[in-house]
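Colleague: I am new to this one. Could you take me through it?

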Amino acid sequence: MADLNAVKQALREQRIETPSWAFGNSGTRFKVFAQAGVPRTPEEKIADAATVHRFTGVAPSVALHIPWDKVGDYSKLSDFAAENGIRLGAINTNVFQDDDYKLGSVTNPDPAVRRKATDHLLEAVDIMDQTGSRDLKLWFSDGLNYPGQDDLRLRQDRLAAALREAYDRLSGDQRILLEYKLFEPAFYATDVPDWGTSYAHCVELGPKATVCIDTGHHAPGTNIEFIVSFLLRQGKLGAFDFNSRFYADDDLMAGAADPFQLFRIMYEIVRADALTPEYGINFMLDQCHNIEAKIPAIIRSVMNVQEATAKALLVDRDALFAAQAAGDVLEANGILMDAYNTDVRPLLRGGPRGERARPGPDRGVPAQRLPGEDRGRAGRRAAGRLGRLSSHPWRSTAP
Ligand code: LRH
Ligand code: MN
């Protein structure tokens, strides 16, 4: 039976990295529903991330996306984050929004375009040197829309060459997180479409290259926890981009669409004793809150990851291994489901550092109102940002 104090301790020590871009306006190709009071600068995104950490206690870092978070002085930005009680996390490159990248970025047939894209990867490492970030997160939208459009083999050679340059630029404990995605924006072939392709490139590169699993980037029905288990065995799992989806890359709140999948994923992490910060996996969120309030949505997502983790930590592993070894299918499945069907919300109340009950109105602990939960506060915040009440920045009104 699990030791509850050990479970609570593990939850207190869990670290979940928030994405700067999730605090800003986002939408689909159909519509972006702008929300009042969203951050206008990297500093305000960091302030919002600091709020998530203040309410949860387990989100002490925020990932940046370049150039969305481009500033003149990244070490000054890093100091600003520290003043707000958090630090800057993974640096995400962006070689998917420039006109030059229509036919690809690092895989583009045109060597000049490849050079430009590769230089952006190297620029991101320069930024990591200033922010003290460990993770260079690479996602390539590169791919094809029609068979024959380009040579699949040559594109892999081009990709490998760019990755090699970025890899050789790393220093200290810096590492590459190579994210894969089955499709979109390419609709025939994507150059890094699945875990196997990312894994193979990471093995080719060396020990500082690991795979990033975005839970929304698989074909429907993919057994993601198998991929987690396999990459852990190979020592090549570097990070997650947690979110959830019903259909494609929906980027919904982690655990919202499929909490059972998130539990099964976290069970493989716990089973491999890979939960601790020391183990080195970066548990990140990568979401877009198109219609819901953003800070509460991210706090809810952090709590959903903690809930899945708490349930995974409650699995009676000795009994499970015994049932598995005995080939007792029903008993083995039953033991796992017992943990999953355990209401862990009481376990999570009180906050990792024993603060008053954690917010989450659906948990019946209205101890602390979430930012923006009542119009008055959100109104002041929005007005503050819109300059009408700039002398009352919303932070000061927090409980
Ligand atoms: C690509 C992706 C990637 C980020 C972007 C914001 O779909 O998951 O992780 O660069 O979203
Ligand atoms: Mn992602």
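Colleague: Which residues coordinate the manganese ion (ligand 2)?

Modeller: Keep in mind that this is a predicted model. Here the donor atoms sit at 2.1 to 2.2 Å from the ion. They are OE of glutamate and OD of aspartate. The residues are Glu179, Asp214, Asp241 and Asp286.

Colleague: What geometry does the site of the manganese ion (ligand 2) have?

Modeller: The ion has 6 donor atoms. Ideal angles for six octahedral donors are 90 or 180 degrees. In this site the angles run from 73 to 170°. The geometry is octahedral.

Colleague: How are the donor residues of the manganese ion (ligand 2) spaced in sequence, and how many residues apart are Glu179 and Asp286?

Modeller: The spacing reads E-x34-D-x26-D-x44-D. Glu179 lies in strand β6 (residues 175–179), while Asp286 is in the loop between β10 (282–285) and α9 (294–313). The pair thus links distant parts of the chain, 107 residues apart.

Colleague: Is Glu179 buried or exposed?

Modeller: Buried means under 20% relative accessible area. Glu179 has 3%, so the residue is buried. Asp286, at 11%, also counts as buried.

Colleague: Now the helices. Are α7 and α8 roughly parallel or roughly antiparallel?

Modeller: The axes of α7 (residues 224–234) and α8 (residues 259–271) come within 9 Å and cross at roughly 15°. Angles under 35 degrees count as roughly parallel. The two helices are therefore roughly parallel.

Colleague: Which residues of α7 and α8 make the contact?

Modeller: The crossing is right-handed. From α7 come Ile224, Glu225, Val228, Ser229 and Leu232. From α8 come Gln261, Arg264, Ile265, Glu268 and Ile269.

How values were computed
Residues numbered from 1 in each chain as written. Chains lettered and ligands numbered in written order. Predicted model: local features only at pLDDT ≥ 70, side-chain atom pairs only at ≥ 80, totals over all residues. Heavy atoms only, no water. Donors = N, O, S within 2.8 Å, 3.2 Å for Na, K, Ca; no water. Tetrahedral: all angles 85-135°; square planar, octahedral: opposite > 155°, others 65-115°. Helix = DSSP H or I, 4+ residues; strand = E, 2+ residues; numbered from the N terminus. Buried < 20%, exposed > 50% of the residue type's maximum accessible area, 1.4 Å probe, protein only. Axes fitted to C-alpha atoms, helices over the stretch in contact; angles between N-to-C directions. Parallel < 35°, antiparallel > 145°, perpendicular 65-115°, else oblique. Left-handed = near helix turned anticlockwise from the far one by under 90°. Contact = heavy atoms within 4.5 Å.
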